[in-house]
Number of protein chains: 2
Amino acid sequence: MLELMRNWRPQPSTAFYKKQPESSELGRRIISEGLIFMQEIGFEAFTFKKLADRLQTTEASVYRYFENKHHLLLYYMSIYWLWLEYHLTFGLHNLPEKDSKLNKALDMITRPDQLNWALSDLSFDHLLNLVVTEWGKIYFTSQIDKEEQAGLFADYKRFCKRLSKLIAQSHPHYPYPNTLVSTAMNMLFVQRFYADHLPSLTDLTQNDIRITDFIKNLVNGALQNPTA
Amino acid sequence: MLELMRNWRPQPSTAFYKKQPESSELGRRIISEGLIFMQEIGFEAFTFKKLADRLQTTEASVYRYFENKHHLLLYYMSIYWLWLEYHLTFGLHNLPEKDSKLNKALDMITRPDQLNWALSDLSFDHLLNLVVTEWGKIYFTSQIDKEEQAGLFADYKRFCKRLSKLIAQSHPHYPYPNTLVSTAMNMLFVQRFYADHLPSLTDLTQNDIRITDFIKNLVNGALQNPTA
DNA sequence: ACTACTAAATAGTATTACTATTAACTTTGT
DNA sequence: ACAAAGTTAATAGTAATACTATTTAGTAGT
């Protein structure tokens, strides 16, 4: 598996960019420096002008690669989903019991820091921090329908669908598998955000490993409890 | 109770505005027209310039009342919480059993459209729509710590704390009452948003009354299921 | 009638997000 | 070898946005 990962890299779809950033030195620098920078100053304050200054290039050059800064944010998000999906595929392989598959999956998604990150040019910490702080701005935008149409949410949707199917298989009578999965996924990021900024809204602390317990209890509880 | 409401109006704290909007004709028009307009064109597209044009006044005049458009959004949010809290207080009064109190509360927050709205100048539908579409931008902003400091999130925090206490009383051994409550509150808005824009991520449809069943099952399931 | 205060309009500025065009450099075919 | 074709990025913009400083008009109290 580690062997495999050496040659494997998440390749976000062409929908995210105008010019493939992996194809040039500047493109690669936009991706790697952009992540650090966007996480540092926040999505609103982040502009292509500022990034260009930092890269010693120009605003227009950055616009050659990405249509706007939101597409760049979604590009990062895509990398996250592709990476997590890759791990999930291998992690669940050959696990026979459906119930243990779901719980293994919950372990993996709630403790992503325990999984192998092999993208030397991108910092996992920066990526996770970015997702946590900007979660509300990723899939909750005024451009939602247009961006959805363009396929920019495909990775997130596919990932959720995969988990919902695990639930549908192990608990065929539970009526809300998709709702339950999207609830869990949202809470992974929202509760971390609350721990950092609105601690009175959560019982968890920063990087609290009890997030796994909370999510597992939530999901398993919902599945075992009768619905109307 | 209906008698009482005739003389009662949610009064957001002074932290939200520079000049009390209820104190002048223009101020009141900013609130009522602003809600409709912001909901119509979305928070990003909404500007004080455009609102001023619509009100046949000037940008600068609007800025006399609100520091920026985010404060106006939070002002609306405050009205929502104050109104819901008012109903909760009366609705739970004299209900003896703690367990039924929690379930009554869940009924109320999941079906706010069933509660009495008595603000003739503000449309409940517009307010709920605004909250649903802009939820991600309300408490997940780059200004979070500053706004928190200014007390702009006090209503939301107080409301959640109230519900957490119900849980802590009925289920004193459950370790995540605050996390569970903020999960439920988030899902009220996020799942509606998904129903509208990313339907594959939820099993609910627009205005689906099963949101009550989903949330009750989720909360009660979590409380009955053992944690680590 | 004079002062004090409130309300709202005028006229700005700095920044932002984004685009059109041009220049420089590489690669490729003959 | 060398011109055509393609790639990459710089120059130089624009329209819109968020926000402010200053001025004018109106109203209330003494």
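**Core, pocket, cavity and one asparagine**

Visitor: How many residues has the largest nonpolar core, and which have the most contacts inside it?

Guide: A nonpolar core is a set of buried Ala, Val, Leu, Ile, Met, Phe, Trp, Tyr and Cys residues joined through side-chain atoms within 4.5 Å. Buried means under 20% relative accessible area (1.4 Å probe, protein chains only). Here the largest nonpolar core has 160 residues. Trp81(A), Trp135(A), Tyr139(A), Trp81(B) and Trp135(B) have the most contacts inside it.
This is a predicted model: local features need pLDDT of at least 70, side-chain atom pairs count only at pLDDT 80 or more, and totals for chains, interfaces and linings use all residues. Residues are numbered from 1 along each chain as its sequence is written, chains are lettered from A and ligands numbered from 1 in the order in which they are written, and side-chain values use heavy atoms, without hydrogens and water.

Visitor: What is Tyr139(A) in contact with?

Guide: Contact means heavy atoms within 4.5 Å. Beyond its neighbours within four places in sequence, Tyr139(A) meets Leu74(A), Met77(A), Trp81(A), Ile144(A), Phe153(A) and Tyr156(A), and also Phe193(B) and Leu198(B).

Visitor: Where is the largest pocket, and which residues lie nearest its centre?

Guide: Rolling a probe the size of a water molecule over the atoms shows where empty space is left. On a 1 Å grid over the protein atoms alone, a pocket is an open set with protein on both sides within 12 Å along at least five of seven lines, a cavity is a set of points where a 1.4 Å probe fits but cannot get out, and lining residues have an atom within 4 Å of a point. The largest pocket is lined by 32 residues. Glu44(A), Lys137(A), Phe43(B), Glu44(B) and Lys137(B) lie nearest its centre. Its volume is about 760 Å³, meaning the space filled by probe spheres set on the grid points.

Visitor: How many cavities does the search find?

Guide: The whole structure holds 7 cavities of 30 Å³ or more. The largest cavity has a volume of about 90 Å³. Its lining includes Thr110(B), Arg111(B), Asp113(B) and Leu188(B).

Visitor: Is Asn217(A) buried or exposed?

Guide: Asn217(A) is buried, because its relative accessible area is 2%.

Visitor: Which residues does Asn217(A) touch?

Guide: Leaving out residues up to four places away in sequence, Asn217(A) touches Tyr174(B), Ala222(B), Asn225(B), Pro226(B) and Thr227(B). The side chain of Asn217(A) reaches the backbone oxygen of Ala222(B) at 3.3 Å.

Key. Buried < 20%, exposed > 50% of the residue type's maximum accessible area, 1.4 Å probe, protein only. Polar contact = N/O pair within 3.5 Å; in protein donor to acceptor, adjacent residues only side chain to side chain.
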